[in-house]
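Please read them beside the sequence and the structure.

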Amino acid sequence: MTVETAATEETGGSDRESRLAALGVLAEQVRELMDAVVLTDVAEDEIARVTEEVAVLTERLRAARRDTPLQPEIAPDGSFRHLGNAVAGDCNPYALPLKAEVTPDGVRAEPTFRPMHEGPPNSVHGGVTAMILDHLFGTAAAAAGRLGMTASLTVRYRRPTPYGRPLVADAAVTRTEGRKTWVDGRIATPDGTVLVEATGLFITPTAWLPASEEVADRV
Ligand SMILES: CCCCCCCCCCCCCC(=O)SCCNC(=O)CCNC(=O)[C@H](O)C(C)(C)COP(=O)(O)OP(=O)(O)OC[C@H]1O[C@@H](n2cnc3c(N)ncnc32)[C@H](O)[C@@H]1OP(=O)(O)O
């Protein structure tokens, strides 16, 4: 597995960074749109007009398209980034996007879920919280020099997870054995009430072993 540097793709340089920043702003606007859709109470004829306008915008974006979302790369500042990722990608409207910070113990993030993440009434879907923990766990493994794929994830849901307010998520490697890495972590309220906790097993595919240490310094 190789990770390209940002400058090697397409236009390169600051033009590309400027365009990616603009794409990030668009993705955030689309998140706002998705929340607006799940919360709107406007009349049916207004829904129909907005639908037509959105269809026009969709066609404009399709005027020039890639085969895949943006792939993992080394950003100009030397950090690892994956702008097309469904959890952490700034340029993917489906992503929160999750911002993980490396700590002495592992990794930490402060996710705020949105109305569009509704599962049970007035709280976040369990598949969404599991996805966030999966990604955070993968980041904890990568930061420890053990880049891997999720082999299993065991999730325990302790309390309903609210949207609309900042929460705290953390993860740490607890054990390693050959290419296997076990990670524990949780999502909690800022005062420490655990909402969701999980254990994950990550396995480093043999082909990823060379990239594993390189990525650790850049997460
Ligand atoms: C590019 C830079 C990226 C930077 C990343 C930043 C953060 C990114 C965060 C992203 C996070 C998002 C993450 C995602 O979303 S990852 C997406 C979800 N996960 C997948 O799609 C994984 C699909 N599965 C596979 O690719 C393979 O099966 C893997 C790679 C997992 C193992 O295939 P491999 O061919 O390598 O394995 P092996 O057969 O030689 O077996 C090796 C050992 O492992 C044991 N075993 C195998 N499977 C399981 C299992 N399911 N439970 C328990 N144990 C299992 C097996 O018994 C053996 O043990 P032993 O006999 O040696 O004791």
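1. A169 stands opposite I187 in β8, in a predicted model in which local features need pLDDT of at least 70, side-chain atom pairs count only at pLDDT 80 or more, and totals for chains, interfaces and linings use all residues. Residues are numbered from 1 along each chain as its sequence is written. Strand β7 (residues 168–177) and strand β8 (residues 180–188) pair in the antiparallel sense over nine bridges, where strands (E, at least two residues) and helices (H or I, at least four) are DSSP runs numbered from the N terminus, and two strands pair if DSSP finds at least two bridges between them.

2. The strand β8 also pairs with β9, again in the antiparallel sense and over nine bridges, with V183 opposite G200 in β9. Five residues lie between the strands in this hairpin, and G192 there takes a positive phi near 100 degrees. On β6, Y157 stands opposite V196 in β9, and β6 and β9 form an antiparallel pair over eight bridges.

3. These pairings belong to an open sheet of six strands, antiparallel in its pairing, with the order β4-β5-β7-β8-β9-β6. Its edge strands are β4 (101–102) and β6, each of which pairs on one side only.

4. For α3, the 18 residues should span 26 Å at 1.5 Å a residue, and the end C-alpha atoms are 26 Å apart, which agrees; the expected span is 1.5 Å times one less than the number of residues. Of these 18 residues, 14 are buried, so that α3 is mostly covered, a residue being buried if 20 or more other C-beta atoms, placed from the backbone, lie within 10 Å of its own. After α3 comes G145, with a positive phi near 80 degrees.

5. Over residues 123–194 the chain is 25% helix and 40% strand.

Note on methods: Buried ≥ 20, exposed ≤ 12 C-beta atoms within 10 Å, placed from the backbone.
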